[in-house]
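Here is a short tour of a protein model, written to be read with the structure open beside it. Please take a look before reading on.

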Amino acid sequence: MLIRKKKTEFLNCHLAGFGHTEGYTVLDQLTPGDKLTMLREDENKYDHEAIALFYGDLHIGYIPQQYNSLLAMFMDFGYTDIFECVITAIDKTQHPNEQVQIRVNLLRR
């Protein structure tokens, strides 16, 4: 019997640093359901557990520092393919660090 891929919520938060990256250039293009690419930045001078988020090839923010430790550990051990990051909501009236809500899902393999 083939088991279908399922997912469960691992993290739900706002995208951090949106106003300090190229995020503002694509804000009108972002929609709930869009998937973001996660990339470790272990040499980031502000946070050695940083996880950058990309929309296509544009860097639009980070997983917030207070939530990235466990996710960074999994990614450092090669488990990048068991996670997906999805935009869940956008509110252009909020402060840039609260405009984009994201969810990181843990995927069942």
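What follows covers the model itself, then the sheet and helix, then the salt bridges.

## About the model

This is a predicted model, in which local features need pLDDT of at least 70 and side-chain atom pairs count only at pLDDT 80 or more, while totals for chains, interfaces and linings use all residues. Residues are numbered from 1 along each chain as its sequence is written, and side-chain values use heavy atoms, with hydrogens and water left out.

## The sheet and its helix

Let us begin with the strands. Helices (H or I, at least four residues) and strands (E, at least two) are DSSP runs, numbered from the N terminus. Two strands count as paired if DSSP finds at least two bridges between them. Here six strands make an open, antiparallel sheet, ordered β1-β6-β5-β2-β3-β4. Because β1 and β4 (58-62) stand at the edges with a single partner strand each, one side of each has no neighbour in the sheet. From one strand to the next, the twist averages 35 degrees.

Strand β3 (residues 50-55) pairs with β4 in the antiparallel sense over four bridges. Leu53, for instance, has Gly61 in β4 as its bridge partner. Helix α1 lies across β1, β2, β3, β5 and β6, running at about 80 degrees to β2. Axes are lines fitted to C-alpha atoms, for helices over the stretch in contact (heavy atoms within 4.5 Å), and angles run from 0 to 180 degrees between N-to-C directions.

## Salt bridges

A salt bridge is a side-chain nitrogen of Lys or Arg within 4 Å of a carboxyl oxygen of Asp or Glu. By this rule there are four salt bridges. One of them joins Lys7 and Glu84 (2.9 Å, N to O), linking strand β1 (residues 7-14) to strand β5 (residues 83-90) across 77 residues. Lys7, Lys35 and Glu84 are linked in a network of salt bridges. Glu84 is buried, at a relative accessible area of 10%; buried means under 20%, exposed over 50% and partly exposed in between (1.4 Å probe, protein chains only).

Asp28 and Lys92 also meet in a salt bridge (2.8 Å, N to O). Asp28 lies in the loop between β1 and β2 (35-41) and Lys92 in the loop between β5 and β6 (100-107), so the pair ties together parts 64 residues apart in sequence. Asp28 is exposed at 66%, and Lys92 is partly exposed at 47%.

Asp76 and Arg40 form a salt bridge too (2.7 Å, N to O). Asp76 lies in helix α1 (residues 68-76) and Arg40 in strand β2, so this pair ties together parts 36 residues apart in sequence. Asp76 is partly exposed at 48%, whereas Arg40 counts as buried at 16%.
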